[in-house]
Amino acid sequence: MHMADALISPVVGGVMWAATAGVAAYSIKKIQNDLDEKKIPLMGVMGAFIFATQMINFSIPGTGSSGHLGGGLILSALLGPYEGFLTMASILTIQALFFADGGLLALGCNVFNLGFFSCFIAYPLIYKRIIQKGYSTQRIFGAAMLAAIIGLQLGAFGVVLETLFSGKTELPFGPFVALMQPIHLAIGVVEGLVTSAIVAFVWKARPEIIEKASFGVAIGNISIKKVVTGLAIIAIITGGVFSWFASVNSDGLEWSMFKTAGIEELEAPDGIHQTMSAIQSETAFLPDYGFKAPENEQEQGAVEREESWPAVSAGTSVAGLVGGAMTLAMAALAGMIIRLVKRRKKRLAA
Amino acid sequence: MSHHKLEVKDLHYIYPDGHKAVNDMSFCIYHGESVGIIGANGAGKSTLLMLLMGVLFPCQGEVIVGDVHVTKKTLPFIRQRLGMVFQDPDDQLFMTTVYDDVAFGPRNYKLEEKEVENRVLQALDIVGILHLKDRAPFKLSGGEKRAAAIASVLSMQPDILVMDEPTAGLDPKSRRRVMGLLKSFEHTRIITSHDLDMVFDLCERTIVIKDGEIAAQGLTSEILVNAELMDSCGLEVPLALQNCPVCGIRKTVKQPRKKGNDETP
Amino acid sequence: MSNIINSLYNIRLLDDLARKETAIHKIHPLMKLLTTVVYLTVVVSFGKYEIGSLLPLFFYPVMVFALAELPVKPILLRVLFVAPLIIGIGILNPLFDHQVFYLGGITISRGWVAFFSIFIKCGLTVTAAMLLIATTGMDGLAAALRMLKIPRLFVLQLLLTYRYISVLMEEVARILRAYSLRAPEQKGVHRNAWGSLAGQLILRTFDRAQRVYEAMCLRGFTGEYNTGGYERIRVWDLAYLAGWVSFFAITKIYNIPMFIGSLLTGVVK
């Protein structure tokens, strides 16, 4: 599943972006050291291949439904993990831009969930370990199946954690996990079946493609360790910076609220005063202001937080409704006026 | 002028699986000539082109462009002199706009951006698609794609154009247009094709390849009318030279246009 | 099948739109990218029960739609396309959050407020991303990425993937057409053909990559991606960015609809 922008908070999005950028930078460095410029067009065209193959419905025997190919594992198996990760990153970027799958802020989350776990955990620790004993159809099947399932389970768990840390939706941890993991078990099985079928076919037809990919790039324990430590450091630093930024910013917010409250104490019982006091109570009416929420969320982890929900007077809520409607109406009006003016200009020009 | 000459001497190429794709080929192509290379599927045409371009290196024998032997070291020079238009324009047009594609070669030779622009606009103008410069390649029609692919090579200002099936997959009008374009060039041209009518129209000289060897070479007007030779090489006499299917009358054969000064014996 | 045709149509539409020449299209790609990122950050920074203060953010897409002369329908259709997923996650809110409050005499569940908040955010973020690509185009975006010092290798690879999506999708469409014509009444591709169908395509894809590589080498490619110069950033481009960012900041700090509403109701009183 792709994370959507609407479900994440800026902090979670930013941390995941930083982590993904770190892994991508490391991968690019690795590839450049290899100096095999042949791989550049191959990665590009294979990205397009995954894109196109995702449109194929593979009907699942005995169920009447059909599944799709995700791509992370097969890219690693055919191109190598670094190349696979970067290719996944560009596929997801294009999906976010052109197909609104996921989003730009959630891109870091999505590349991590769908790329990192497949290419840097499932591929080297499971797929490669099994395949190392030599290729055979059975081993390809076992390796692809296990790696796909575990990669997707980790990815799904990533989605759960990212959603919970963001705190934009009211899903308790338990039911959410109980919902996500089994669904992704099914998706993982399909991914494993399709991946193993394709890899086995390519291995039989052109063994050099597959054998080159897996033995060409050395991905030992050391580099994995390096990647993981690097990631942890990046996550801690960015998490810290973001939280600091968030707390400073929310102070700023509170300050502006105090300012409005201060005006209220001037006691001038006219229209404007009422307006200001209404603004003030509105700020209390919607207490979950921006950057402050994620910060708290970070501290409390997955524990659901009970938010304060003060009583609201009928007057302010009516003002809120009226104001909201007015805002939308103004936006629509502005748009229509611009369109009209443009059309008239064109007619005059014609 | 000698540096526009292309010479092939005792060329051999064997694929890793043992298939002898090119077996002892020798020929010479002179400045300003237009030469057709024809042969059945699998005769070795594509391998020959790859050897000319230095994508593959011969197991034995050599390719000489002007006075320079094609080796790994001379490749940058060779590739500036020789421009190749691929059979499938989609392989050649890999950038997101036509402009960037035509600019790809000149930019790789580190030309000034101003000079790059001049060359791109000039190349697009020659092939007549200047108005399409900001289009994405996937928005072009087959004929436009072909023109863009030719422009992407012209912008490198090569002396010799190598073309693999330049009329494949084009509708009759687009085919005519591409043929007219190719006819207007003053470059040395090497064209491989199954479109024998086009070869008959565009090339003074033809080399026939069969099983990796040269079966015949000489004037197109003599080679293509030789029904026996053509048949034995998996080809046939161009439609334009065959008997009229309606009235059965043999058409009068016009000699193809002669161009260039040196004619091979 | 229709899936592929839709996707191809969608890419072509956005590519066409990006080649228009309106005031918005002429703004520097980097400024549009930054504006979009700030916009998205502000949108998602609002808490889960906020709807009112989100509303002024509608101004941005409306303005871009109007100034860039973009067709509203196809882009909003795309937004609706993703909506079911968001609804799926969001709809759980009313199930888990039963607390209610009264608004203008009507009882409203807090869960529904959270649901609508997610729904609006989804609409705004998805639209903003589509507007970015519809006014900038893939090549403009690539230029912006290069200015941000994203490694050329990644940018080139991104462009190549974008370029070959349509080629490979057409290829897949042809394969599926050939398959379905000989396999009537099958919903998807049968398991027996999984490996060979997609595998053949992979082999062809590898061959194509090889030819593309050759085409690149023949034109002097040596692993370095050389691009033309950058478009210069003008004062107007900076003003565009600054203008929107300050507008977003104001909507973030002040609750504008509440202000307008209070002004109106207050004055009426």
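Predicted model: local features only at pLDDT ≥ 70, side-chain atom pairs only at ≥ 80, totals over all residues.
Trainee: Okay, and what area is buried between chain C and chain B?
Mentor: About 2800 Å², and carbon and sulfur atoms give 57% of that. On the chain C side, Arg163(C), Leu218(C) and Arg219(C) lose the most area to chain B, together 32% of what that side buries.

Trainee: How many salt bridges are there between chain C and chain B?
Mentor: The count is six. One to look up is Arg208(C) with Asp88(B), whose side chains meet at 3.4 Å, N to O. There are also eleven residue pairs in polar contact between chain C and chain B, with both residues at pLDDT 80 or more.

Trainee: Let's switch to chain A and chain C. How many residues does that contact take?
Mentor: Chain A puts in 109 residues and chain C puts in 111. The area buried between chain A and chain C is about 10200 Å², with 76% of it from carbon and sulfur atoms.

Trainee: And what's the salt bridge count between chain A and chain C?
Mentor: Three. In one of them, the side chains of Lys346(A) and Glu69(C) meet at 2.7 Å, N to O. Polar contacts across the interface of chain A and chain C come to nine residue pairs, both residues at pLDDT 80 or more.

Trainee: Which helix gives the largest share of the side of chain A that touches chain C?
Mentor: Helix 12 (residues 314–349) of chain A, with 20 residues.

Trainee: New topic: the sheets in chain B. What's the strand order in the open sheet of four strands?
Mentor: The order is 2-1-4-5, with antiparallel pairing. Strand 2 (20–29) and strand 5 (68–69) of chain B stand at the edges with a single partner strand each, so one side of each has no neighbour in the sheet.

Trainee: How many bridges join strand 4 to strand 5 of chain B?
Mentor: Two bridges join strand 4 (residues 60–65) of chain B to strand 5 of chain B, and the two run antiparallel. You can find one by eye: Val65(B) has Val68(B) in strand 5 of chain B as its bridge partner.

Trainee: What about the sheet with six strands in chain B, what's the order there?
Mentor: That one is open too, in the order 6-7-8-3-9-10, and its pairing is mixed. Its edge strands are strand 6 (82–85) and strand 10 (213–219) of chain B, each pairing on one side only. The twist averages 15° from one strand to the next.

Trainee: How many bridges link strand 9 and strand 10 of chain B?
Mentor: Six, with strand 9 (residues 205–210) and strand 10 of chain B paired in the antiparallel sense. Arg205(B) stands opposite Leu219(B) in strand 10 of chain B.

Trainee: Now helix 1 of chain B. Why is it largely enclosed by the rest of the structure?
Mentor: Because eight of the nine residues of helix 1 (residues 45–53) of chain B are buried. Those are Lys45(B), Thr47(B), Leu48(B), Leu49(B), Met50(B), Leu51(B), Leu52(B) and Met53(B).

Trainee: What follows helix 1 of chain B?
Mentor: Gly54(B), and its phi is positive, near 80°.

Trainee: What are the relative accessible areas of Asp10(B) and Lys110(B)?
Mentor: Asp10(B) is partly exposed at 41%, and Lys110(B) is exposed at 59%.

Definitions and conventions: Residues numbered from 1 in each chain as written. Chains lettered and ligands numbered in written order. Heavy atoms only, no water. Buried < 20%, exposed > 50% of the residue type's maximum accessible area, 1.4 Å probe, protein only. Pairing = 2+ DSSP bridges. Axes fitted to C-alpha atoms, helices over the stretch in contact; angles between N-to-C directions. Buried area = accessible area lost by both parts, 1.4 Å probe. Salt bridge = Lys/Arg side-chain N within 4 Å of Asp/Glu carboxyl O. Polar contact = N/O pair within 3.5 Å; in protein donor to acceptor, adjacent residues only side chain to side chain. Contact = heavy atoms within 4.5 Å.
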